[in-house]
Amino acid sequence: MSLSDYSENYLLDYLLEATLYVAASTADPGDDGASIAEPAGGSYARVEVTAATWDAASGGTKSNGAAIAFPAATGDWGTITHLAIFSAASGGNLLCSGALTASKAIASGQTLRVPSGSFDVTLS
């Protein structure tokens, strides 16, 4: 048995309704988040997102309706390959993660930005 389209959209809307935190990683976090490799120092911090960040789920996908911007790096962060959503600003539980379409090297003075409509969370 599989979930209906309505159920998929309902669950995504419910899951991303809370205040959550987007993390950047230089490695695949894995299914349990144990392999997360967040930048250390350089003003790195997870970015808080709320229900207002996201568009309504449709077709089993929920996308960011607002851009997500990390703090400007004050040191090199390395090459960011993945984004993840956690339940807390540090530590916490991994809700989901995925690889970027193209990895992005972040050097001092640069800002990692996730443009509106380019961060999709899917349930299928």
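What follows is a set of questions and answers about this structure.

Tutor: This is a predicted model, in which local features need pLDDT of at least 70 and side-chain atom pairs count only at pLDDT 80 or more, while totals for chains, interfaces and linings use all residues. Residues are numbered from 1 along each chain as its sequence is written, and side-chain values use heavy atoms, with hydrogens and water left out.

Student: Which residue forms a salt bridge with Lys62?

Tutor: Side chains of opposite charge can pair when their charged atoms come close. A salt bridge here is a side-chain nitrogen of Lys or Arg within 4 Å of a carboxyl oxygen of Asp or Glu, and the structure holds two of them. In the pair with Lys62, the closest N and O atoms are 2.5 Å apart, and the partner is Asp13.

Student: How many residues apart in sequence are the parts that Lys62 and Asp13 tie together?

Tutor: Helices (H or I, at least four residues) and strands (E, at least two) are DSSP runs, numbered from the N terminus. Because Lys62 lies in strand β3 and Asp13 in helix α1, the pair ties together parts whose separation in sequence is 49 residues.

Student: Is Arg46, the partner of Glu38 in a salt bridge, buried or exposed?

Tutor: Buried means under 20% relative accessible area, exposed over 50%, and partly exposed in between, with a 1.4 Å probe and protein chains only. The side chains of Glu38 and Arg46 meet at 2.8 Å, N to O, and Glu38 is partly exposed at 26%. Arg46 has a relative accessible area of 12%, so Arg46 is buried.

Student: Which residues is Pro39 in contact with, leaving aside its neighbours within four places in sequence?

Tutor: Pro39 is found in the loop between β1 (20-25) and β2 (47-49), and its relative accessibility is 10%, so Pro39 counts as buried. Contact means heavy atoms within 4.5 Å. With those sequence neighbours left aside, the residues in contact with Pro39 are Ala24, Tyr44, Trp77 and Ile80.

Student: What is the phi of Ser43 near?

Tutor: Ser43 is found in the loop between β1 and β2, where Ser43 is partly exposed with a relative accessible area of 39%. Most residues other than glycine have a negative phi. Ser43, a residue other than glycine, has a positive value, near 70 degrees.

Student: What separates the C-alpha atoms of Gly65 and Ser118?

Tutor: Gly65 is found in the loop between β3 (61-63) and β4 (68-69), and among the residues in contact with Gly65, beyond its neighbours within four places in sequence, is Ser116. Gly65 and Ser118 are 53 residues apart along the chain, yet their C-alpha atoms are separated by 8.7 Å.

Student: Which strand gives the most to the lining of the largest pocket?

Tutor: On a 1 Å grid over the protein atoms alone, a pocket is an open set of points where a 1.4 Å probe fits, with protein on both sides within 12 Å along at least five of seven lines, and lining residues have an atom within 4 Å of a point. The largest pocket is lined by 18 residues, and Ser118 is one of those that lie nearest its centre. At least two lining residues each come from β6 (94-106), β7 (113-114) and β8 (120-122). With eight residues, the strand that gives the most is β6.
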